Amino acid sequence: MQSYSRNNIILRVNDLKTYFFTRRGVVKAVDGVSFELRQGECLCLVGESGCGKSVTALSILRLFDSPPGRIVGGTVVYNSTDLASCPDQELRKVRGKEIALILQEAQSALNPVLTIGDQIIEQMKIHLPLSTDEARFKAINLLREMGIPSAEDVLNYYPHQLSGGMKQRVLVTMSLCCDPKILIADEPTTAVDVTIKAQVLDMFHQLKTKRQMSLIFITHDLAVVAEIGDRAVVMYGGRDVETAPVSEIISAPAHPYTAGLLECLPDLSREMSRLNSIPGMPPDPSKMPPGCTFHPRCPKMIDICRTQEPPLAEISKEHKVRCHLYA
Amino acid sequence: MPDKDKPLLEVKELKKYYPLTAGITSRHIGDIKAVDGVSFSVGEGESLGLVGESGCGKSTLGKTILRLEEPTGGKIIYKGTDITTLDKKALRQLRKEIQIIFQDPEASLDPRMTIGQSICEPLVIHNIGDDREREEMLVWLLEKVGLEPNQASLYPHELSGGQKQRVGIARALALNPKLIVADEPVSALDVSIQAQILNLMLDIQNQMGLSYLFIAHDLSVIKYVARRIAVMYLGKIVELAEREALFGNPLHPYTEALLSSVPTLIPGARKRVLLIGEVPSPLNPPPGCRFHPRCPHVMPACRQEEPALIEVSQGHSVACHLHRS
């Protein structure tokens, strides 16, 4: 049983390419990524540092620094508008209102000199026809819903007065205050402790079940993906290498990188005497290897991998992989 | 042959308080009790894992054992000698035997020294070998940690995170130590690199018969590297057991909650105990059992009396009123 509908696609990213034109050369941070987000599902973008997962998220709302960054190709279609090419004015109506983003590092995502209340209310007043009092009332209710005790007091706090877990909740509250249709969360569980991580995951789970939010959840942790995701896009070297339902990614990974990643993960639910490791390291985005970006580390590399970019192959309707072995 | 029964290191009732002062007279208004009466031992060739959330005092404990922080109370006994009161000169000798690997390989290497210089620095300080012997040693060490000899002339910024951590390990191994305190050595690394470093550390242990005190917040990592595991909460050890016992039969409610909170590839394998609230401040820890405000099994006794760490079965100790014999 799947809780999301198969056909109701709310956001479609097609062959997205975001390059950064720096003095030292072109950094192809995102180099051809495609996926769709369906109504009410949690889609995970998973990969190691430098794989382009965060830049993909930022590209959806065009929030990277430009220059040097630029979307050089592809489309991001939301409500039949291409967010990758629409005028800024139009995009501004989508940011925060339709699609909200929770940035990595709760600490630096909040303004240290404004109170929590100011920061939440500011956004509501931009997008919604509310008075300050009405906005305040709504903020308090939302904070309560996110499990923050004494919400009225928290509105008057400055970020430094809150703990890491609380800041994460405040950020989620802030992203929800304009009732967005899509929530993008960039590594929300990374810098927090295990017991708090469980609380944060629980909160996102509630968002999905109670509010039927469509989530894009970015993480490097496959175990987190297994807990929260419906479908996952595995990224490597600026490309989507495998897209499938999470259960299939975990039980039957097709791409050698996904398989390797799973084998090198110490996990409490499995017994293991020795971890398998992937030799080498992730590529430098300014010096991507030719052909398949994973070929220098791949145990199943064949000649064609060195020169030709692998096409997207379909293993089943729901399971796609970018690898010559399946082409 | 390493003998696992004879403790290499014994820590008894170790305390580290940081005084808190106020006003221009620096009035003493309290202590942050980072480590508050911790006892354990590490056998020769053994790896003891120390796990806990941020602020539980695990890193302070690691540093105090090396006397990088001066203990406030208690004893550290290394090979039968009390090292708590050693003077500077004797301490320097001790550090040949006990080394540390830090969490952040970025910050623990001098950016102006080549990695060859960094790795050889301990040899220079301790006056070991001449230039040629050090050169040989360097090549051997680089090989041991999986780096190329020609990388010795590189600077830290030219290396990746994983390579820098390899340098950190090589530097710790330079003096042929008996005990290595590894303070979150893989938490800053990507998963595929983390596996490489963990395997490297285990291989080195097998080859050289080292003991590890392995500090980490990640239970999955600890489970992989440590035979015996101590769980810390707010400056205290709440449970200490062999790996199988701790993961198979956790006794302390905190350990149970911690284990159930870890996301796993097969969700639902363990019933999740969601803890409410957050870790209290070590400046003003709750009276009685420090875990009682968050404990799902709290009893009246927990609010008043601090439970002692008691061995409830062979090698399995727990500090909890639920398990008083």
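## Contact between chains A and B

Two residues are taken to be in contact if their C-beta atoms, placed from the backbone, lie within 7 Å. On that criterion, 37 residues of chain A are in contact with 33 residues of chain B. The structure is a predicted model, in which local features need pLDDT of at least 70 and side-chain atom pairs count only at pLDDT 80 or more, while totals for chains, interfaces and linings use all residues. Residues are numbered from 1 along each chain as its sequence is written, and chains are lettered from A and ligands numbered from 1 in the order in which they are written.

Helices (H or I, at least four residues) and strands (E, at least two) are DSSP runs, numbered from the N terminus. The elements that give two or more residues to the side of chain A that touches chain B are helix 8 (194–211), helix 9 (222–228) and helix 11 (256–263) of chain A, and the largest share, 8 residues, comes from helix 8 of chain A. By class, this side of chain A has 18 nonpolar, 10 polar and 9 charged residues, where Ala, Val, Leu, Ile, Met, Phe, Trp, Tyr, Cys and Pro count as nonpolar, Asp, Glu, Lys and Arg as charged, and the others, Gly among them, as polar.

## Overall form of chain B

Chain B has 11 helices and 12 strands. Its radius of gyration is 21 Å, close to the 20 Å that the globule rule gives for 325 residues, so chain B is as compact as a globular protein of that length; the radius is taken over C-alpha atoms, and the rule is 2.2 Å times the number of residues to the power 0.38. The C-alpha trace of chain B spans about 65 × 55 × 40 Å along its principal axes.

Of the 325 residues in chain B, 45% are buried, a residue being buried if 20 or more other C-beta atoms lie within 10 Å of its own, exposed if 12 or fewer, and partly exposed in between, with C-beta atoms placed from the backbone. Among the contacts in chain B with a separation of 6 or more, 65% are between residues 24 or more positions apart.

## Helices 6 and 7 of chain B

The axes of helix 6 (residues 161–173) and helix 7 (residues 191–208) of chain B come within 10 Å and cross at roughly 15 degrees, the axes being lines fitted to C-alpha atoms over the stretch in contact, with angles running from 0 to 180 degrees between N-to-C directions. The two helices of chain B are therefore roughly parallel to each other (angles under 35 degrees count as roughly parallel, over 145 as roughly antiparallel, 65 to 115 as roughly perpendicular and the rest as oblique).

From helix 6 of chain B, B:Gly161, B:Gly162, B:Gln165, B:Ile169 and B:Leu173 meet residues of helix 7 of chain B that include B:Ile193, B:Leu200 and B:Ile204. By class, the contact between these helices of chain B has 7 nonpolar, 4 polar and no charged residues.

## Backbone features of chain A

A cis peptide bond, with omega about -10 degrees, joins A:Ser66 and A:Pro67, and the bond from A:Pro67 to A:Pro68 is also cis, with omega near 10 degrees. A:Pro67 has its place in the loop between helix 1 (53–60) and strand 4 (69–78) of chain A, and A:Pro68 is found in the loop between helix 1 and strand 4 of chain A.

A:Arg62, in the loop between helix 1 and strand 4 of chain A, has phi near 50 degrees, a positive value in a residue other than glycine, and is buried, with 20 other C-beta atoms within 10 Å. A:Asp15, in strand 1 (residues 9–22) of chain A, has a positive phi near 50 degrees but counts as exposed, with 11 C-beta neighbours inside 10 Å.
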